[in-house]
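Here is a brief report on one protein model. Please keep the sequence and the 3D view open while reading.

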Amino acid sequence: MASTRAAAEKAQVLVASNRGPVSYQVGEDGSLHARRGGGGLVSGLSAIGSDAGSVWVCAALGDGDRAAVRRADGGLLPAEETGGQRVRMLDIDASVHAEAYNDIANSVLWFVHHMLYQTPLEPVFGAEFRRHWGSYEAYNRAFAEALAEEAAEGAAVLIQDYHLALAPRMLRQLRPDLRIGHFSHTPWAPPDYFRLLPDDIAAELLGGILGADRAAFLTRRWADAFTDCCHAVLGPGIPSGTRIGVHGLGADADFLRKRAHEPDVDERMAALREEIGPDRKTIVRVDRTELSKNIVRGLLAYEQLLEDHPEWREKVVHVAFAYPSRQDLAVYREYTAEVQRVAEEINERYGTAGWTPVVLHVKDDFARSLAAYRLADVALVNPIRDGMNLVAKEVPVVSDHGCALVLSREAGAYEELGEDAFVVNPYDIAGTARALHEALTLPGAERTERSERLAAAATALPPTRWFLDQLSALTGQPS
């Protein structure tokens, strides 16, 4: 493919993801305001140093992003707005992006990998799905073409997640010289469920990822499910020679512990303590209102605890932060409303003048989340299915006095934390209620010891190391 980028400007390391490290808002006066993000990719790219010649390719997600792209030089955003990171943002047609992101990535691929379909009624793969799939292909092609243009000869490219499952194969066709990796941040569905997809689409998704030199996952379970799907859909073996890897993303202990003791977190702790009341135990959960997070069953398990063990009434509070997610999709709006309804019912049924059984907050507030982590006696993490779940790893790291962890066996974090957690079947309300009781009654010394072991396991592969290990495995160079 012909390139318009000068050879001296070509990147040796590239990252591709739907969301980039910076986003833009349009002010009332029409001015653009950049906001930088964080996370493992940001810290990982920073760690390799500016002389490595890296670039991040991402999509414009809103009007502010699109305005920023239109004023940018060849799509590269101003370095002073990106923290010095070279970022190329793609102004993909808004309707194409919406169909690729909402109608395929989040309404089909997410549902398949998290096994969320109510199969008597869904999915339905008809003409509308095929039209949306065309947008998903176009979206992936836009990324592949941009990466091909930005990459130096033999560069390393790390493509992220289910939004970009087709991009590795497309990029391979454009630039066979590149070393391409793909990382899946979600679970991977077992073959029987993955094959709900039309046969040609299932094969295209697998073949897209197999265009990479290396496909990596958060746990061995998800990696094995991927290879099982390849064998079931494509036939025995992996003919592309794609290597399979596992990198279990951990918590950033240094950042969390420092951030958790800043003044705004102390302020939130004081406010939470007032809401909770004196001398009460806390069961803490922090989640987006994402269908797979299983918040409603968590609330019902807490209600069962209060019913089965009336001695806990007025002595425990469930601090539940359920931050709205994907509210442009009706099913997510309905789920958020159901979370609020169930919490209100529990409070109406069991609450007293001096005790609110469920303290529910739905407005996103990171400082308040950290305050809840510090106060937690028990952390409840009970997803139906989750690629990893960093909350399970973060709470033991931040908790002031050590916490017990009630953990779904369907979370990726179970592989690393299960030995010191109270493990539950996420569908079993009664079993989760029993686990909550056991966690609340755990002797202090044992709770402290378990919490320390959980924190150690949770931080074994911090974000920067997680990124650098992937890069090293792809290039064969030590990180």
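## Ground rules

Helices (H or I, at least four residues) and strands (E, at least two) are DSSP runs, numbered from the N terminus. The model is predicted: local features need pLDDT of at least 70, side-chain atom pairs count only at pLDDT 80 or more, and totals for chains, interfaces and linings use all residues. Residues are numbered from 1 along each chain as its sequence is written, and side-chain values use heavy atoms, with hydrogens and water left out.

Most residues other than glycine have a negative phi, and most peptide bonds are trans. Asp161 sits in the loop between β6 and α5. Its phi is positive, near 80°. Asp161 is buried, with a relative accessible area of 11% (buried means under 20% relative accessible area, exposed over 50%, partly exposed in between, with a 1.4 Å probe and protein chains only).

Glu314 lies in the loop between α11 and β11. Its phi is also positive, at about 70°. Glu314 is partly exposed, with a relative accessible area of 39%. The peptide bond between Glu122 and Pro123 is cis, with omega about 5°. Pro123 belongs to the loop between α3 and α4.

## The second largest pocket

A pocket is an open set of points on a 1 Å grid over the protein atoms alone, where a 1.4 Å probe fits, with protein on both sides within 12 Å along at least five of seven lines. Lining residues have an atom within 4 Å of a point. The elements that give two or more residues to the lining are α3 (94-113), α4 (127-150), α11 (295-308) and α12 (330-350).

The pocket holds about 750 Å³ of space. That volume is the space filled by probe spheres set on the points, which are joined across faces, edges and corners. The lining divides into 17 nonpolar, 5 polar and 5 charged residues. Ala, Val, Leu, Ile, Met, Phe, Trp, Tyr, Cys and Pro count as nonpolar, Asp, Glu, Lys and Arg as charged, and the others, Gly among them, as polar.

## A parallel sheet and its helix

Six strands form an open sheet in the order β12-β11-β10-β13-β14-β15, with parallel pairing. Two strands pair if DSSP finds at least two bridges between them. β12 (358-361) and β15 (422-424) are the edges; each has a single partner strand, so one side of each lacks a neighbour in the sheet. Neighbouring strands are turned by 20° against each other on average, direction ignored.

β10 (281-288) and β13 (378-381) pair over 2 bridges. Ile283 faces Val378 in β13. Helix α16 (429-440) lies across β10, β11, β13, β14 and β15, running at about 175° to β15. Axes are lines fitted to C-alpha atoms, for helices over the stretch in contact (heavy atoms within 4.5 Å), and angles run from 0 to 180 degrees between N-to-C directions.

## Buried spots elsewhere

Which residues of α5 (167-174) are buried? They are Ala167, Pro168, Met170, Leu171 and Arg172. Their cover includes α4, β6, β7 and α7. Gly208, in α7 (199-209), is buried at 3%. Among residues beyond four places away in sequence, Gly208 touches Ala165, Leu166, Pro168 and Arg169.

Strand β5 (87-90) is covered on both faces: Val87 and Met89 are buried on one side, Arg88 and Leu90 on the other.
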